[in-house]
Amino acid sequence: MFKSVFKTGIQANYSISSNPSFHADPWSVYPAKHNSTSNLVSVFVFDKKKFEKTLISLSLVDKKTIQKSIAKKSSSSHSNNINLYLDGINKIKAYISNLAKFKHPNILTIIEPIEDHSTKILFVTEYLTNSLSSYLDSTISTVSSTTTTTTTLIDNDQLALQKGILQISNAIDFLHNNAHIIHLSIAPNSIFINSNLDWKLSNLSSICNLADKKFKNTTTTTNAIDFSLPIYPNLSIVPKFISYDLDYIDPSLLLNNHLNYYNDIFSLASLIFFIYNYNHNSSTNSQTLLINSNQSLSRYKSQINQLFSSSNALNLNSPLLKNLPASLKPIFLNLIQKSPDDRPSISQFLNSKFFNNIQIKSLIFFDQFLTKSNNEKLTFLNGFQNILSQFSPSLLQKKILPILTDFFKSQSLINSDNTENNDNDNNQLISITLSIILTISQNLSQLSFHDKFVTDIFISNNNYLNLINYKKNPHIIKILIQNLPLLIQKISNSNDLNKFFLLPILDNSLILKNNNILKIQESLLLNLSSFLNILDFTTIKNNLFVKLSSIFSKTTSLNIKILSINSFNLLITNKSIDKFLIKENLFPLLKQMKTREPNVLMALIKIYQNSYKLFDLQSIISEILPVLWNLSLAKTLDLHQFNIYIDTIKEIQSYIELKQ
């Protein structure tokens, strides 16, 4: 997929795909890998030649003028179309340079700075998978009938949208309250999404720093600056990135020249409206944009007048708000107030009921997961298990799974330094983390499961040797045993399944060390059938059978002894061991058993019931019947149990008579 397509300094360090992941005007965004670290990144490419051709085709400028502008490298006024080309180039450079100034989890991170070439401008960012529009396309479900086509957002992704709006709002909060910056270009093309479904704010090409301005108090707006947005002639055909997208501009700024933080609040509201009304099928009647100006100033004014007309007063039941979540509607009405004074600040929006639910709070906790104490994590994850079903598979797999996987690996590596880990709370935390990881992984494909679970956690650095070790955390083995059907279903490579799971589990479970191992042994013996479907005869004979025999003969636990006998019986009925092994190894082992506890005896008789027909008559007479007569005389058996033994003996004797 990845190959060199650009002869640039960036290309020296990165292998760049020949095809872009997506387009976000004016950028084509390509996936790439760092040549030495293999880290995924995104390469933003602005095509100067394509930009030139666009301006020329729209008769906004001619080629000679562009060449002169490039030679002068200056731009004087927006009224002169000669400078449209350089204005566009300067906007692109400001886009990149301003992004580099701000570091925030929800602002797009630049990895490699601008490279300016004769035909292209490039820069490298964190790895991205979508623009906002392409992401919304993926969350659309279209249902067609003979007469209509209905397009709606998939219900399970509503939480992802809510989380995304929260992240963009956090970025705006940082700009407003920490950097004292007004964004002024909040629109769909300013939003990107990474592989973890985190939303990133970008396009800081038009930011305004209020610290550099003198505030002007007016009778209508407090702390507002008199500022006039530059508007180009022929605005409807000028590329939007050079100017402003009027559909997302606050009317108090565009029409009244009032500049303050609340301009971004209106833009954010317009963006939110677009998100919840997004519809890539133009045949439907749903209104996608709060303001649909077509970059026409006169149409913009008309739309604003219509939006705020007294006859069209908005309320919670307005058809315009029909696609918005109920918890969003009250605060949304405040966000789009005509007067900036009546709008909430970004901090007030973040504290609104729209974000006050357990799902969003859970996602916020995951964003801060590494900063939390282990006790906080344990308490949180115990509760999170109960609400897993409230999250879409996409959010669970792309957002939450990587966080838990990284944490699980880090904790297991820390514990590898200790011979024995006595921190019970930490053991519980690691165990519950693994349990949730496996629950989320149920919906992964075999390939994804192998990459994200088997390879990433167990194979890397031979971490499985540390993980499946009862001394570190016996609960991990128990959880893996309980999830054996999932492991067998998802891991198609039998070598990996045996090496990294089945054999290490056997080696660390069927041992006699202390009472802490008993529950693990119980779990394994109860789930033994899963092993038998995978392990070959040699492994069963030389590994599993040997360990079972040792457990049976040495355990002091009555329950383990009974489960061991049941396991031997399972080996027989499943034809996992041959009659030679039964006669030469199993029968002598059973003869040595001293206990006459009735439950043990009743488990034991099933072995003889299921195996006697495997042997010749002489073996039955010499190896089986004497044992059964001896066991039947045990004083611990009640009448019913004694009769079962007698009936079995009679059945075997009848079989002998029939065969003679």
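1. Basis. The model is predicted; local features need pLDDT of at least 70, side-chain atom pairs count only at pLDDT 80 or more, and totals for chains, interfaces and linings use all residues. Residues are numbered from 1 along each chain as its sequence is written, and side-chain values use heavy atoms, with hydrogens and water left out.

2. Main core. The largest nonpolar core holds 203 residues. (Such a core is a set of buried Ala, Val, Leu, Ile, Met, Phe, Trp, Tyr and Cys residues joined through side-chain atoms within 4.5 Å; buried means under 20% relative accessible area, exposed over 50%, and partly exposed in between, with a 1.4 Å probe and protein chains only.) F349 and F453 have the most contacts inside this core. Setting aside neighbours within four places in sequence, F453 is in contact (heavy atoms within 4.5 Å) with L434, I437, L438, S448, F458, L480, L487 and F501.

3. Second core. A separate core has 10 residues. Among them are Y30, A32, V41 and L122.

4. Helices α26 and α28. Helix α26 covers residues 598-611, and helix α28 covers 639-659. (Helices, H or I of at least four residues, and strands, E of at least two, are DSSP runs numbered from the N terminus.) Their axes come within 11 Å and cross at roughly 15 degrees. (Axes are lines fitted to C-alpha atoms, for helices over the stretch in contact; angles run from 0 to 180 degrees between N-to-C directions.) That makes α26 roughly parallel to α28. (Angles under 35 degrees count as roughly parallel, over 145 as roughly antiparallel, 65 to 115 as roughly perpendicular, and the rest as oblique.) The crossing is left-handed, meaning that the near helix is turned anticlockwise from the far one by less than a right angle.

5. The α26 and α28 contact. From α26 come P598, L601, M602, L604, I605 and Q609. They meet Q641, I644, Y645 and T648 of α28. The contact residues divide into 7 nonpolar, 3 polar and no charged. (Ala, Val, Leu, Ile, Met, Phe, Trp, Tyr, Cys and Pro count as nonpolar, Asp, Glu, Lys and Arg as charged, and the others, Gly among them, as polar.)

6. Helices α18 and α21. The axes of α18 (residues 474-482) and α21 (residues 518-526) come within 9 Å and cross at roughly 10 degrees. The two are therefore roughly parallel to each other. P474, I477, K478, I481 and Q482 of α18 make the contact with K519, I520, S523 and L524 of α21. By class, the contact has 5 nonpolar, 2 polar and 2 charged residues.

7. Backbone points to check. The peptide bond from D25 to P26 is cis, with omega near 10 degrees. P26 sits in the loop between β2 (22-24) and β3 (27-34). L184 is a residue other than glycine with positive phi, near 70 degrees. L184 lies in the loop between β10 (181-182) and β11 (191-194) and is buried, at 4% relative accessible area. K575 also has positive phi, near 60 degrees. K575 lies in the loop between α24 (558-573) and α25 (579-591) and is exposed, at 73%.

8. Pairs apart in sequence. K101 is in the loop between α4 (84-99) and β5 (110-116), and is exposed at 59% relative accessibility. K101 and L204 are 103 residues apart in sequence and 9.9 Å apart in space, C-alpha to C-alpha. N643, in helix α28, is partly exposed at 34%. The C-alpha atoms of N643 and S632, 11 residues apart along the chain, are separated by 8.6 Å.
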